[in-house]
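Please open the structure in your viewer and keep the selection tool at hand. The tour below moves from the whole protein to single elements.

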Amino acid sequence: MRAQSRAVAVLGPTNTGKTHYAIERMLAHRTGVIGLPLRLLAREVYDLIRALRGPDCVALVTGEERIVPDRTQYWVCTVEAMPLEIGADFVAIDEIQLCADPERGHVFTDRLLSARGLHETLFMGSDTMRSAIAALVPGVQFQRRERMSQLSYTGSKKISRMPARSAIVGFSVENVYAIAELIRRQKGGCAVVMGALSPRTRNAQVDLYQNGDVDYLVATDAIGMGLNLDIKHVAFSATRKFDGRRMRPLQPDELAQIAGRAGRYQNDGTFGVTGEASPLPDEVITAIENHQFLPLRKLNWRNARLEFGTPERLIASLESHTNNEWLSRARDADDLIALKTLTSQPEIRDRLTHPRELKLLWDICRVPDFRGISSAEHAGLLGRVFDFLHGDGRIDADWLGRNIQRIDRTDGDIDTLSKRLAYIRTWTYIAQRKAWVDDENHWREATRAVEDRLSDALHERLTQRFVDRRTSVLLRRLKQKESLVAEVNDKGEVTVEGQLIGRLEGFRFQPDKTDHADEAKTLRQASLAALVPLFHLRADKFYNAPDTEFEFTEQGGLMWGTTAVGKLVKGDDPLRPQVAAFVDDEAGHDVTEKVRRRLQHFIDRKIAALFEPLMNMTRDETLSGLARGVAFQMVEAMGVIPREKIANDIKALDQDARGMLRKHGVRFGQYTIFLPLLLKPAPTRLRLVLRSLSEGLDTFPESPPPGLVTIPHIPEVPSDHYLMAGYRPAGARAIRIDMLERLADLLRACDSRSGFEAKPDMLSITGTTLEQFADLMEGLGYKAERSERAKVKPEPEAGTTPEAAPETVTETPAEAAAEADAPADTAPETPAEEAMEVYFTFTWAPRPRRDPRPERKPEARSDANRPREKRGEGRPEGDRRKGGKPKTGKPKDRRPEPQREFSAAPSRKSDKIDPDNPFAAALMGLKLKG
């Protein structure tokens, strides 16, 4: 089959239709693979073939993207990602002249030497490759294609006089931004295209230009590779570029590649220079206009036959030379530099005991350095990946998720979003590797979603206005490597060239609010000289600060003094939340991690201190069986749980189990099972924050002011919020649960079937008026009947203490004292002159909507055990005897015997009041208000 395959080199200048010809040839075969130089161009060709043949037969494979249908026939790839092992009928390589590129040339050369289709192989590119291809590919056929339009030089033009539908080319991000700002001020706006943009952002920016929303395009040399735009003129703002190692002038063929973007199809185009760029020499102009360039004599090459016996043998095979006169060993690429760095580390080298482990390390080293920070930092990231793959066989999902989540932010300026896009490309590339992560589809979709969000945000920033004239000056000075005087005072104010540009709050830089939003990027860049060392100094001070300098807010914020430095986020365990630190990206990963660790230590210790009783229960190994189950539920509920939720468990507890829980401070109340120590203000605030985090609330409920027994009950507020705050809703108010249990203790001594009246102690405990108390009792399930009667001043007989008299709340102490001072033989007032008083009779009347529980039968009592008198309906005490007149003698017949107790429904066994109740001492001093 290989003997029947033909190789064709289609060579010529730009705008000759070479790429479209390759697409036509591929679709004429049953299967095919086409390799393209850029991910952007691969996406463009994929969309074209997808529109022609449908989505089920075409695949897109790049380092960061993989769309492979089950019935794939045609593969559109970047050159590095081409699947050469599938045996396709057709193989094509575009822009083959990149064999001479210092960075990627060895990959293109390898495809030139080894990539072949079963029936046809196509190489497209510049005519400068003719001699090299003829020497290296036996039997190759050549096709010469001529440009479809004329290209001519127009000299130098100012940007203010640049014609519409022009593209201005720069070779650095700073240069592109400065030109875009100038065009914004003079021409109304422009689109921006750079190689670092994602396809989504690039397409959105191109649409601005193609749709006519703007007439100008500012771009890097990324437009030189296959982007077909409606451009009439190309202007070079510079003719030198930094190639990753040094500043060098562009070669005539490189200039021609970019200039050829002007004049697409049958429309003629022009090119020239602008700004500070020097006019092009005549010989260069002639070469570009006539498409005549010196042929390439050397192609970059790297040995593809690798030996994985030992690290030394692998490196030696990568560094081996060739005797072929057309090939020259490529300089060390990023993957080889990373391999040398990692194999020099003893902890990694010791694990390279088998060729397959060395092969794994080499595959990891081939992860591109999209971030471009430093070789050492990139090698450190690759080493961490190797640790996971060598140890567990998969990258830890939590670690991968945290790194992706840290990038998933759409705030910041153009530079910040561009950096995040570069960072997400690394994780997207890793997610595309087969068998490196669990649930590959999930991580591919997750990284793609983050890239899309960042792309949309970057497009939004790019369409906004850039900077004013002052910032343009700063950009030029930064580009010229001139040092800027940046200072930070003790108040955190940042000044550049004597002008205030913002403030440093904690570990975040806030630009001056008086400046335009688009100035933030350059102003931040200008202040980095002062901010970077300051970030590290502040981080050291922050890490060594005592816990007393930190505090959490009721909305989950974390404060360092008066400055917000982070926030709590939901963790796997409600009692162990995680921390998100507020640190600018410019501070670096080390500063961010130091701040986050210190805040995590603080909140962990705070929870351990305030929730100590809960922590003690979790560590108590003597708890077993049902007692341990109840303890677990108490911990899960953070120390406060309605009794009705665990009524069956509580009922099944024996006394020994209850005693073990009481040792930890658990109070078994009639309405709530709780830990009194956790009702204090500080634990309550923390409980509300932790519960709100675990439930994912957007706004956290705030704790009531300390010391209040009852608070207003707002129906719109969920009852669970009151419970977490230590309160139980009852009527129009909510009562603190510990005070509610004290009230329940008093109610047990009352006859809730025949009816009873409120006692002063009840009002004292609740801190309410009689009317408020009646509403509260109705909220607890009692029926309150309001009545009036004549005031009665009971006179105890000799030897009877005042305390033995019946207690009812019907009058004020002042009124009682006035009646006590009256003569004993005073004739009773007539009914018309009697002073009336309001009183309430309370009986148990549970509402049907309340949570049904097995109703306990009241204790059987004989008639002898019932009180001698029955409470009347709307009749005063003295009216209970026949005749209806108040009795002034001793009322012993109407006083229940002291040893009698009458249970409130639903009746239950009375619990002993906890003497360790933290509120007992405070309530001893409460007095009835006069």
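Two residues are in contact when they have heavy atoms within 4.5 Å. Helices (H or I, at least four residues) and strands (E, at least two) are DSSP runs, numbered from the N terminus. The model is predicted: local features need pLDDT of at least 70, side-chain atom pairs count only at pLDDT 80 or more, and totals for chains, interfaces and linings use all residues. Residues are numbered from 1 along each chain as its sequence is written, and side-chain values use heavy atoms, without hydrogens and water.

**Whole protein.** Select everything: the protein holds 30 helices and 34 strands. Of its 930 residues, 48% are buried (under 20% relative accessible area, with a 1.4 Å probe and protein chains only). Among contacts between residues at least 6 apart in sequence, 70% join residues at least 24 apart.

**A sheet.** Next, select the eight strands of an open, mixed sheet, which run in the order E4-E3-E5-E2-E6-E7-E1-E8. Its edge strands, E4 (66-67) and E8 (141-144), each pair on one side only; two strands pair if DSSP finds at least two bridges between them. Now select residues 32-36 and 74-78: these strands, E2 and E5, pair in the parallel sense over five bridges. Valine 33 has tryptophan 75 in E5 as its bridge partner.

**A helix.** Finally, select helix H7, residues 252-259, whose buried residues are Leu255, Ala256, Gln257, Ile258 and Ala259. What do the buried residues of H7 pack against? They pack against strands E9 (151-156), E10 (166-169), E13 (233-236) and E16 (269-273), and against helix H8 (282-290).

Methods
Buried < 20%, exposed > 50% of the residue type's maximum accessible area, 1.4 Å probe, protein only.
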